[in-house]
Amino acid sequence: MELTAFVGRSAELAALRGALDVARLVTVTGPGGVGKSRLSARAAAGCAHPDGIWRVELASVHDPEFVDYAVVDALGLTDHTTRAPRETLHAHLAGRRLLLVLDGFEHLTAACAGLVAELLSRAPGLRVLAVGRRPLGLAGERVLPLEPLGAEEAAELFADRAALHGITLRDVPEVRELCRRLDGIPLAIELAAGRLRALSPGQLLERLDDRFQLLTGGSRDALPRHRTLRTAIGWSHELCTPEERLLWSRLSVFAGRFDLEAAEYVCCGDGLPSDEVLDVLTELLAQSVITREETAAGVRYRMLDTVRAYGADWLEATGDADRLRRRHRDWYVGLATWCELDWFSPRQQEVAARVDADLPNLRSALEYSLSDPDEAHLGQFLAGSLWFCWVGCGRLAEGRHWLEQAVRLESDHTRPRLKALWVLGYVAILQGDKVPALAALQECREEAERVASATGVAYAEHRTGCLALVTDDMARAETLLSSALERYREIGELNSNVLMGQVELAMARAFRGDLPDAVRLCEDVRVVCDDHGERWARAYALFVLAYAAWCGGEPARARELLTDCLSSAHSFRDLLGSVLSIELLALVTATEGDPAEAAVLQGAAAALWPSVGLPLFGSAYYNAPHELCEATAREQLGDERYEECVRQGTLLGREAAVSRALGWSAGAATAEALPAPRGPARHTTAPLPPDMREPAASPTRKGGETAG
């Protein structure tokens, strides 16, 4: 996101856009602070790509293993399967025409080069714009080195940034000389402009002269412009007060964006009182050391990578780096704990946005904890506490990675490891990986019984009941889930997990033919959810109620419930909840007399299932409504026309599929460009026979808990 006006660079902008027109891989190179990111963002915005422009920020990614995850996350993909993130990327990019912008890859060059080479070879419609300090070194790569600004453009930028601070500049020799001495590097110029509230251009020039030799720094073989950039940053650092320098160095522990509360907690103490952090941070903001951004989670601040690296060097030199990293970890452990508790509240959507905004810092906290055996219990606690992020917000693959690391570590603290074990089992169930899921849950239960942890036993039993449900062992699922709910009552547990357990029990009873009791259980869940503002578990209760409404000959009521269910699931990036809703909407749509639109929705769901796992889990229980919908649509449309409609649906992406389902629900769209349905609609009003009286799928695949 561009925070300030784009000044100059017209020739470079034209050259970059021209390169993007003819080459599939274009890399913009140059020293830190030269304006690579801003130019690339402007160039990309002017290009036409049918499937969009997607930017991946890699500066906060430290582990090469997480490059693939970062790209998956930036593309907004959700994958519940056990397949590697690269396989997810291959599946998503096949047949799409989009531009992928990889920004700040230089510390991950080998990993990025391997990924880009493979993606370009497998996805002919993909183009990549890489932004870093060196080329990727791949065949066919078009490299555009970005030079510093010329004299005219540098002066124009300086005047523009000065205006942001309320300073109007004349074209005086001092301005041109200052820009020349800063080698026309935009970052250096912006830092200098931040000082104009206190100093004139002439005074800035004098101070730069005074410190030029002292602050050159860097290795002897570094490029002159790199040394000059360090000089400019070092000079800005020297002009800061002691408190500003201290905060600058301490803020370097944050990965990506951070908020004021985090800065106040992590950075205070030892010379910087908490109540002074805001004032000092405001000064750093005025001097362009940090920038301010509006996000879905509220106001956030961030440092440019070069500025952060400079602060990190100073932090190491003070010997205070490890203490700050521990405080950083402690803050984000506390944040995760608060978010987990607040998941069962009207603030669920706020929690989802908060975790999304703070994910780079949460990853950094996990890395810190899991790399130190003495801190293993905190890493286990953090990985387990973030279950709602892994499960509820569509990040199963990443959650599996952290949880497996966590449970491999030995710890003297039993409870955090128990939690990590049952969350790992839960995630593995949702991915369809049943053997590892069972192993983790068995270990959790045995250990919980050994240490007499009633909570650990309850969660292990609950998740084992989930496993029985998705493997069609309904009798065992009902026994285990009923027992787990009783254990929750005994220990006074009430949260999203308990409610999901009740929905899962309703599913088991519906599968066994007891729809009235399934409705009773889900109506109770709905009331509790409404009382507490809980939307995520509520969506799955609505799903079961919608199925029951359809069985009772109330398709309009079923549609109303499913529309609510789909809206909630999609808002949380809950792919499973979304695809289940679309599947059942297809059946309702066929019942209401539009088999063509039903087939389109079935095609849309079919395109989403590979990111969830085996379509409809390979279960006879789950598959019966799908088969009924298909049979109804084929009978009225004929095989050829049915397949045509399904093919149209498979071309829809996730966003388009959800919009189609919700839009048609509101009467705003129909199966456009498809022939009108032939023959009368078949309206099913009688309940299904016993072997078909089950909901289309199980909401256990997306349960939740806020304790354990």
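Q: What makes a residue buried, partly exposed or exposed here?
A: Buried means under 20% relative accessible area, exposed means over 50%, and partly exposed lies in between (1.4 Å probe, protein chains only). Phe66 and Trp402 are both buried. This is a predicted model, where local features need pLDDT of at least 70, side-chain atom pairs count only at pLDDT 80 or more, and totals for chains, interfaces and linings use all residues. Residues are numbered from 1 along each chain as its sequence is written, and side-chain values use heavy atoms, leaving out hydrogens and water.

Q: Why does Arg329 count as buried?
A: Its relative accessibility is 3%. The limit is under 20%, so Arg329 counts as buried.

Q: What does Arg329 touch, not counting residues up to four places away in sequence?
A: Ala365, Tyr368, Ser369, Glu375 and Leu378. Contact means heavy atoms within 4.5 Å.

Q: How many aromatic pairs does a search of the whole structure find?
A: It finds 19. Rings of Phe, Tyr and Trp (its six-membered ring) pair if their centres lie within 6.5 Å; planes under 30 degrees apart count as stacked, over 60 as edge-to-face and the rest as tilted.

Q: Why is the pair of Phe66 and Trp402 called stacked?
A: The centres are 5.2 Å apart, with 20 degrees between the planes. Under 30 degrees counts as stacked.

Q: Why is the pair of Phe258 and Tyr301 called tilted?
A: The centres are 6.1 Å apart and the planes stand at 35 degrees, so the pair is tilted. Both residues, Phe258 and Tyr301, are buried.
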